[in-house]
Each structure stands twice: as C-alpha cells, then as structure tokens.
Amino acid sequence: MTQLTMGAEHPKQTFVVSLLMFNGFLIALMLALAKEGTTDGIPPITYAFWQTFIAGSILLIFSLHEKICLNKALMTYFLISGLSGIAIPNAIAFFLVTKIGAGFTGIMYALPPIFTFLISTSLGLEKLKVHKLTGLFIAVLACAWIVLQRHSEVGEGNVLWYALGIIIPIMLSIGNVYRSLAWPKGIKSMPLAAGTLLASAFSLGMFGSLNRIELAATEFSINAQLLLLTQGLLTALTYFCSFELQKRSNPVFYSQLGAVAAVFGLLIGIIWFNEVYSMQIWLGVLLVIVGLRMSNRTSFSLFKLNLNSKDISLKK
C-alpha cells in the first residue's frame, strides 16, 4: 500500500516541478516582452495596466461557465492577492528603477524565497530545516550576483529608496502565503487568476490616474498595441499556470519562481537580444541550480497535504 501511494505521488511531484520550470520560462518571456514595450516608449505603469487588464479579461471570459458567487470574502481575496502580488510590488519597482536603477530592483525580486520561508516557519506552515534555508540562501545570493553582473548601475542612492525596495519581496512573500492560506474552497485556478489580475489592473489604473499617467492605448502605434495584446495573452497563460502551481505546491516552493525565471531570462537574453555573458554569470547560474536542488532535497513533503487530501477524496 505504501509503495503504491509513493508511486502515485511521484508523477504528481514531477508534474509540479515541471510546472515550476514552465512557469519560470513564461515569466522570463513576459519580462522580455515588457522590455520591448517600455523601450518603444510605453510608460511602465500604462504597460502594466493593459497587461493585467487584457490578461484578466481573457481569463474571465474563459471562466464564465464557472458558477461563482462574488461575495465579500472572494472580493477581499482578489483585492489582497492583486495588491500584494502584482500592483504594489510593480508600482514600487517602476518608481525605484528611475531612482536607483534596474540592478537593485531586480535583486528585490530574487528575495521572496527567504522572506516566504521565514513567514511560513513563523506561522508553523514549514519546519525550520537547515538544508532548505541554506539552499534558498545560495539560490538567492546567486540571483543577486547574476543581477549585479548584468547591471552596473547599482550604486549610491538615498537610503530611503533602498528601504522602500525591501517592501517588494515582503509584499510578494505575503501574497505567496496569503493565497495558499485563503484559497477559496471549491473555486478553480482560472477564475481566481482572473479576479486577481483585474483587481491589480484596477489598482494600477487608480495609481496612474492619481499621478496623471496617460493610460489610453489608442495613442500608441499599431505595433505597440499588438505588443500589448501579445503580452496580455502571454500574461493570461502565465498567471493561470502560476495559480495552478500555487494550488499544487506550497508558498516556499512557489516563491522559487523568481530564481527559475532569472535563469531562463539569461537564455532568452542570448537568443532574443544577442546578449553575451561572462563566466561569472554562468557560475551564478550553476549556484542557482545547486541552491534550488539543495532546498528541494526532501521535496516529497512539499506536496503532502495536497496529495493526501486528494487521496482521501478518491477513496470516498
């Protein structure tokens, strides 16, 4: 019986790890498209608004067959998930890029695994294991090293800007844990992703309006509008996979998406932007892989709750 249970669990875990890899690739591709869009002159907040609005609308259309009651609890979930996971981190990042550069801002997106692990252990969701914490630290430091090698503009700046930057990984980590704990019962990933994206678009729209940022996409060129549409389609797929990964794993495992996306970002940079990287960067990639492998050495426990609940329901 034990052997049969382990045999059934292993393919599911393999699927979740594959989903992590695929989701990381989609995020890296999404960021590459964003680089193209903002380089063409689209304001970052405007780009993020249409990206989330189009993606949320697409997922909403495909979720119309789902019978969902929009109650106060669900609306709260959408709002907190959208603010903590997308709107607030992105708004801060777009602001800090102009103040202290893309290098430091990029490092902030590599830190959520550490903060998520600390929050999860403090809440009793994760056991404090030395090998897991060590592996996460190695992966995060390797990501920081890669970013520092790619961006030389990380330099002096107002201490307040750097303190503000810490809010990015904290908010992302809070979002990771919150989505797992507050996941509404009986609701699938697609409508949850749609609601979160639309809540984020609403927040970004409000932020843009308050700061007098032009949101109308009609003033952009045809190529820019096509790019926004493509980004919206890609973002819809990315967040659908993201919520599926969140449902099938736990907050700490999910938070490693940033490290995976960083590695795929290098490969896309070579193929798409003809970028050339030094041996130091490839050393960083190797350390990211080593760190992730170390932190997931006992990955069977990551999916224990989800798998057990499914096994029980099947037996019934």
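Cys241 lies in helix 9 of a predicted model, in which local features need pLDDT of at least 70, side-chain atom pairs count only at pLDDT 80 or more, and totals for chains, interfaces and linings use all residues. Residues are numbered from 1 along each chain as its sequence is written, and side-chain values use heavy atoms, with hydrogens and water left out. Helices are DSSP runs of H or I with at least four residues, numbered from the N terminus.

Cys241 has a relative accessibility of 7% and therefore counts as buried. Buried means under 20% relative accessible area, exposed means over 50%, and partly exposed is in between, with a 1.4 Å probe and protein chains only. Leaving aside neighbours within four places in sequence, Cys241 is in contact with Leu19, Phe22, Asn23 and Leu26; contact means heavy atoms within 4.5 Å.

**Cores**

A nonpolar core is a set of buried Ala, Val, Leu, Ile, Met, Phe, Trp, Tyr and Cys residues joined through side-chain atoms within 4.5 Å. The largest one has 53 residues, and Tyr47, Leu192, Tyr239, Phe243, Leu245 and Val288 have the most contacts inside it. Helix 9 (residues 222–248) gives the largest share of this core, nine residues. A second, separate core has 12 residues, including Met108, Phe117, Val140 and Ile168.

**Arg179 and Phe243**

Phe243 touches Tyr77, Ser81, Arg179, Trp183, Ser189, Leu192, Ala193 and Thr196, not counting residues up to four places away in sequence. Arg179 belongs to helix 7 (residues 167–181). Where does its charged end sit? The charged end of Arg179 is over the ring of Phe243, 6.0 Å from the ring centre. A charge sits over a ring if NZ of Lys or CZ of Arg is within 6 Å of the ring centre and within 35 degrees of the ring normal.

Arg179 is buried, because its relative accessible area is 6%. Beyond the neighbours within four places in sequence, Arg179 is in contact with Tyr77, Ser81, Gly85, Phe243, Gln246 and Tyr254. The side chains of Arg179 and Asn176 are joined by a polar contact of 2.9 Å. A polar contact is a pair of N or O atoms within 3.5 Å; within protein, one must be able to donate a hydrogen and the other to accept it, and residues adjacent in sequence count only if both atoms are side-chain atoms. The C-alpha atoms of Arg179 and Leu192 are separated by 9.7 Å, with the residues 13 apart along the chain.

Helix 2 (residues 44–62) has 19 residues, which should span 27 Å at 1.5 Å a residue, and its end C-alpha atoms are 27 Å apart, so the two values agree. The expected span is 1.5 Å times one less than the number of residues. Buried residues of helix 2 include Tyr47, Ala48, Phe49 and Ile54. Thr46 also lies in helix 2 and counts as buried because its relative accessibility is 0%. Thr46 touches Ile213, Glu214, Leu215 and Phe220, residues up to four places away in sequence not being counted.

Helix 8 (residues 189–210) has 22 residues and reaches 32 Å from its first C-alpha to its last, close to the 32 Å expected. Arg212 lies in the loop between helix 8 and helix 9. Its phi is near 55 degrees, a positive value in a residue other than glycine. At 82% relative accessibility, Arg212 counts as exposed.

**Aromatic pairs**

The structure holds seven aromatic pairs. Rings of Phe, Tyr and Trp (its six-membered ring) pair if their centres lie within 6.5 Å; planes under 30 degrees apart count as stacked, over 60 as edge-to-face and the rest as tilted. Two of the pairs are tabulated here.

| Pair | Distance of centres | Angle of planes | Class |
|---|---|---|---|
| Phe25 and Phe264 | 5.6 Å | 75 degrees | edge-to-face |
| Trp50 and Phe53 | 5.8 Å | 90 degrees | edge-to-face |

Phe25 in helix 1 (residues 2–39) and Phe264 in helix 11 (residues 257–273) are 239 residues apart, and their pair links distant parts of the chain. Phe25 is partly exposed at 30% relative accessible area, as is Phe264 at 23%.

Trp50 and Phe53 are three residues apart in helix 2, so about one helical turn separates them. Trp50 is partly exposed at 22% relative accessibility, and Phe53 is partly exposed at 36%. Ring pairs link Phe49, Trp50 and Phe53 into a cluster.

Note on methods
Helices (H or I, at least four residues) and strands (E, at least two) are DSSP runs, numbered from the N terminus.
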